[in-house]
Amino acid sequence: MLKIRVKELKEGVNPFPIKFPGALTGRPGFEDLAGDLLVEKCGTTLRLKGSLHFTVRQECSRCLKDYSAMVVQPVELFYRTGKLEDTHPGREVELNADDLNVITYRGGELDIWPDIMESMELALPMKPVCSPECRGLCPGCGRDLNREQCRCPQIGRASCRERV
């Protein structure tokens, strides 16, 4: 879906803008992806750097309401042709830290869509919250504390928010 034609890149820095308005196909909740990326080519090694801007629909982990959030995610990805084992055939190769950050590719076309989607998914919070002031649901009666007051008895127990 998002491919770089490696042979068409010039040595050095190449602009690579991204713009996908609306909902992203196959990724519910993600929409309006844009980004100003740069592809730096040095021989067969590529460095993709820039930032992604997108909107995501999520469910608040406190009040369970759906909300939209604008996300900005910096991206830096490294690609090179072949695999490390190809440079040392028949031998066991020890990987260093730099080898773990490099994605290998073959051919003249590089599909970066899976890596872009992974970067977007990793930008999402583990516990999304619609706002820092969200009071959530009462653990006793289940009322949305942002809209109404809890009617649970207050005798001998902590407030609903303290129990969460």
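Which side chain does arginine 147 meet in a salt bridge? Aspartate 144, at 3.5 Å, N to O. A salt bridge here is a side-chain nitrogen of Lys or Arg within 4 Å of a carboxyl oxygen of Asp or Glu.

Some ground rules. This is a predicted model, where local features need pLDDT of at least 70 and side-chain atom pairs count only at pLDDT 80 or more, while totals for chains, interfaces and linings use all residues. Residues are numbered from 1 along each chain as its sequence is written, and side-chain values use heavy atoms, with hydrogens and water left out.

Back to that pair. Arginine 147 is exposed, at 64% relative accessible area, whereas aspartate 144 is buried, at 9%. Buried means under 20% relative accessible area, exposed over 50%, and partly exposed in between, with a 1.4 Å probe and protein chains only.

The count of salt bridges comes to seven. Another one joins lysine 3 and glutamate 109 at 3.8 Å, N to O. Lysine 3 sits in strand E1 (residues 3-5) and glutamate 109 in strand E7, 106 residues apart. Helices (H or I, at least four residues) and strands (E, at least two) are DSSP runs, numbered from the N terminus. Lys3 and Glu109 also belong to a network of salt bridges with Arg5.

Next, glutamate 121 and arginine 27 meet in a salt bridge at 2.6 Å, N to O. Glutamate 121 is in helix H3 and arginine 27 in the loop between E2 and E3, so the pair ties together parts 94 residues apart in sequence.

Now lysine 41, in strand E3 (residues 30-42). Lysine 41 is buried but has no salt bridge; glutamate 11, the nearest side chain of opposite charge, is 4.5 Å away. For charge, Lys and Arg count as positive and Asp and Glu as negative, with His and the chain ends not counted. The lysine 41 side chain does reach the backbone oxygen of leucine 9, at 3.5 Å.

Finally, aromatics. There are two aromatic pairs. In one of them, phenylalanine 30 and phenylalanine 54 have ring centres 5.8 Å apart and planes at 45°, so the pair is tilted. Rings of Phe, Tyr and Trp (its six-membered ring) pair if their centres lie within 6.5 Å; planes under 30 degrees apart count as stacked, over 60 as edge-to-face and the rest as tilted. Phenylalanine 30 is buried at 7% relative accessible area, and phenylalanine 54 is buried at 0%.

Notes: A polar contact is a pair of N or O atoms within 3.5 Å; within protein, one must be able to donate a hydrogen and the other to accept it, and residues adjacent in sequence count only if both atoms are side-chain atoms.
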